[in-house]
Amino acid sequence: MTNWRFFSERWQALIPFDRLFWRDLILFGTLVNLVVTFLGLMLIAKGFPAYWAFIAHLLVLPYNLFLVSAVLRWPDVRTSFKLVAGGWLVLTSLA
């Protein structure tokens with residue numbers, strides 16, 4: 001049951017906001033997206049159809065949406081953090 005604890009702590013704002021925003025969203029979220037983008041490029045380079053790379057790209061979208069939603073629903077979060085989280089989502093979705 002501890003696997004769900006990661007998600008519930010972020011959703012219910014039970015962890016420090018700095019950890020959610022800087023570590024989970026910016027650092028690990030970006031790293032996960034870079035790895036998946038690299039995987040997609042490798043699939044294309046190995047001759048797989050492009051839709052396999054697209055599917056790989058879409059696999060992290062629920063995680064990205066969760067992290068941004070957790071930031072947006074945080075109590076008393078500044079607008080600047082909301083804008084950065086939204087911009088991050090747009091950039092990771094397009095890249």
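Modeller: A residue counts as buried under 20% relative accessible area, as exposed over 50%, and as partly exposed in between. The model discussed here is predicted.

Colleague: Is His57 buried or exposed?

Modeller: His57 is found in helix H3, which covers residues 50-59. The cut-off for a buried residue is under 20% relative accessible area. The relative accessible area of His57 is 18%, so His57 is buried.

Colleague: Which residues does His57 touch, leaving out those up to four places away in sequence?

Modeller: A contact requires heavy atoms within 4.5 Å. With residues up to four places away in sequence set aside, the residues that His57 touches are Val36, Thr92, Ser93 and Ala95.

Colleague: Which residue has its backbone oxygen 2.8 Å from a polar atom of the His57 side chain?

Modeller: A polar contact needs a pair of N or O atoms within 3.5 Å. For a polar atom of the His57 side chain, the backbone oxygen at 2.8 Å is that of Ser93.

Colleague: What pattern does the protein chain follow along the sequence?

Modeller: The protein chain has five helices and zero strands. Read in sequence order, the pattern is therefore α-α-α-α-α.

Colleague: What percentage of the 95 residues is buried?

Modeller: The C-alpha trace of the protein chain spans about 50 × 35 × 15 Å along its principal axes. The accessible surface comes to about 6,500 Å², and 73% of that surface belongs to carbon and sulfur atoms. Of the 95 residues in the protein chain, the buried part is 32%.

Colleague: Among contacts between residues at least 6 apart in sequence, what percentage joins residues at least 24 apart?

Modeller: The count takes contacts in the protein chain between residues at least 6 apart in sequence. Within that set, the part that joins residues at least 24 apart is 71%.

Colleague: How many salt bridges are there in the model?

Modeller: The rule asks for a side-chain nitrogen of Lys or Arg within 4 Å of a carboxyl oxygen of Asp or Glu. Among the pairs is Glu9 with Arg5, whose closest N and O atoms are 2.9 Å apart. By this rule, the number of salt bridges is four.

Colleague: How many residues apart are Glu9 and Arg5 in helix H1?

Modeller: Glu9 is buried, with a relative accessible area of 17%, whereas Arg5 is exposed, at 51%. Both belong to helix H1 (residues 2-11), where about one helical turn separates them, because their spacing in residues is four.

Colleague: Which helix holds Asp24, and which holds Arg10?

Modeller: The side chains of Asp24 and Arg10 meet in a salt bridge, at 2.5 Å from N to O. This pair links distant parts of the chain, 14 residues apart: Asp24 lies in helix H2 (residues 17-45), and Arg10 in helix H1. Both partners count as buried, Asp24 at 1% relative accessibility and Arg10 at 3%. The helices asked for are H2 for Asp24 and H1 for Arg10.

Colleague: Which residues are linked in a network of salt bridges?

Modeller: Asp24 also forms a salt bridge with Arg23, with the closest N and O atoms 3.2 Å apart. Arg23 is partly exposed, with a relative accessible area of 34%. The residues linked in the network are Arg5, Glu9, Arg10, Arg23 and Asp24.

Colleague: How far apart are Asp24 and Leu59 in space, C-alpha to C-alpha?

Modeller: Asp24 touches residues including Phe6, Tyr63 and Leu67. In sequence, Asp24 and Leu59 are 35 residues apart. In space, their C-alpha to C-alpha distance is 17 Å.

Colleague: How far apart are the mean positions of the positive and negative charges?

Modeller: The protein chain has 8 positive and 4 negative charges. Their mean positions are separated by 7 Å.

Colleague: What is the phi of Ala13?

Modeller: Most residues other than glycine have a negative phi. Ala13 lies in the loop between H1 and H2 and is partly exposed, with a relative accessible area of 27%. The phi of Ala13 is positive, near 60°.

Colleague: Where is Asp76 placed?

Modeller: Asp76 also has a positive phi, of about 60°, although it is not a glycine. Asp76 is exposed, with a relative accessible area of 79%. Its place is in the loop between helix H4 (61-72) and helix H5 (79-94).

Conventions:
Residues are numbered from 1 along each chain as its sequence is written. This is a predicted model: local features need pLDDT of at least 70, side-chain atom pairs count only at pLDDT 80 or more; totals for chains, interfaces and linings use all residues. Side-chain values use heavy atoms; hydrogens and water are left out. Helices (H or I, at least four residues) and strands (E, at least two) are DSSP runs, numbered from the N terminus. Buried means under 20% relative accessible area, exposed over 50%, partly exposed in between (1.4 Å probe, protein chains only). A polar contact is a pair of N or O atoms within 3.5 Å; within protein, one must be able to donate a hydrogen and the other to accept it, and residues adjacent in sequence count only if both atoms are side-chain atoms. Accessible areas come from the Shrake-Rupley method with a 1.4 Å probe; for residues, only the protein chains shown count as cover. Lys and Arg count as positive and Asp and Glu as negative; His and the chain ends are not counted. The place of a charge is taken as NZ of Lys, CZ of Arg, CG of Asp or CD of Glu.
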